[in-house]
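Subject: Structure for you to look at

Hello,

Here is the structure I promised to pass on. Please open it next to this note; what I found follows below.

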Amino acid sequence: MRLICLVNTIDNIISGNATTRLLTAALRRGHDVWLTQPDDLGLGTSDQITARAISAILDGDRFVLGAYKQLVVRASDVLFLRTRPDRDPNRQWAHHIAMSLARMARQQGVLVLSDPDGLTAAASKLYPTLLPRSLRPEALITRDPEQIRSYVLKSEEPVILKPLDGDRGRDIFRVHRDDLSNLTQIVDVLTRHGFAVVQRFLPAAREGDVRILLLDGAPIVVDGALAAIRRVPGDADFRSNLHFGGHLADAEMTPQLEAIIDAVGPRLREDGIFLASVDVIGDVVVEVNIFNPDKFAHAARFARLNVAGAVIDGIEKRAHAHHRR
C-alpha cells in the first residue's frame, strides 16, 4: 500500500508525535509512506492529482525523511488527511484548494481518509450541536455583547466564555456575575475575529475531561483497553490542558461514555470521518475533533497502548475493501 499523508507543514513533523507514530507503524508493516503539504498538491494536464512529496523511511527504529519526488496520485493509493487548517491561518487558500483536490482524487477512485466533504461539513465547532441536546451543554453562540452580558447576569453559577474557533485551551475565561470588571475586555477579545461561545461552568470539569479516540465511529480498544485519556486540571488553573498545568489520569468506559459513543459514532460514519476524538466532561460532549486528533502520543506513553497500530489496522481494512470494490 502506498500511503500519502497530507500534513500542514513537513518542517513541523516531529519524531514521537501522533503523525510520526502512525507513519512509523505503517513503515514497520512494509508500506510505502510519503508526506506532502497542501500547497504541494496539484492537477496535471490529464486531470491527474499530483503531489510533491517526501518519502518516510526507518533508519533502524528511527523515523526519518528521505528524498522529494513528484508523485501522481493513483487509484491504488490511500490519501490520509492529517492537516489542521485552524493552526495554519496564513495558508487557508492552500487548505481550501487541497480539499478540492482531495475530492477530485476521491472521484478518481483514490481512498481518501477522512472524506473531504465530511471534514468540510464538520470543520466548525458547531458540529456537536447536531447531537441530542441531552448530550451537550447549553450554549449561547453570538457576537452580541449585550446577549453575553445578559446570559452571565442570569446565571447563578460561573460561566465559561471561549472563542468558537479556539484551540489548545487558549482564550478561555471563567467569569461570575458578582465580578464583571473585565467582561467588556473579554468579550472584545473573543469577538474581535469571530464568534464567542458562552456556557455555564460544568462542575464535573473539576474532575477533568476525557478524550476518547474513535475509528470509523467506534472506540479504539487495544488489548482490551480503551484508547482514552483523562486530563485533570492542576491547582493553578481551571483548564485541563497539559501546557496549563493539567495532568493525565486513567479513563475507563462508563455508561455515560457508551451513550455518547452510541450517539456520536453513527454521525461520524455517515459523514465519512475515519478518525476523530471526542472530549467529554461528565456526561456531555464539549468538543468533537475531526482534524488530526492528536492524543496518540499521550495514550502510547501514559496508557502504553499501541493506538497507532490499531489505526493502521483500520486503514488496511478500509483499503482492502475499497480496492475490492
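What is the volume of the second largest cavity? About 40 Å³. A cavity here is a set of points, on a 1 Å grid over the protein atoms alone, where a 1.4 Å probe fits but cannot get out. Grid points are joined across faces, edges and corners, and the volume is the space filled by probe spheres set on the points.

This is a predicted model: local features need pLDDT of at least 70, side-chain atom pairs count only at pLDDT 80 or more, and totals for chains, interfaces and linings use all residues. Residues are numbered from 1 along each chain as its sequence is written, and side-chain values use heavy atoms, without hydrogens and water.

**Cavities**

The structure has two cavities of 30 Å³ or more. Helices are DSSP runs of H or I, at least four residues; strands are runs of E, at least two; both are numbered from the N terminus.

**Backbone**

Most residues other than glycine have a negative phi, and most peptide bonds are trans. L113 and S114 are joined by a cis peptide bond, with omega about -5 degrees. S114 sits in the loop between β7 (111–113) and α3 (116–122).

D216 is not a glycine, yet its phi is positive, about 55 degrees. D216 is in the loop between β12 (209–215) and β13 (218–219).

Best wishes

Technical notes: On a 1 Å grid over the protein atoms alone, a cavity is a set of points where a 1.4 Å probe fits but cannot get out, and a pocket is an open set with protein on both sides within 12 Å along at least five of seven lines; lining residues have an atom within 4 Å of a point.
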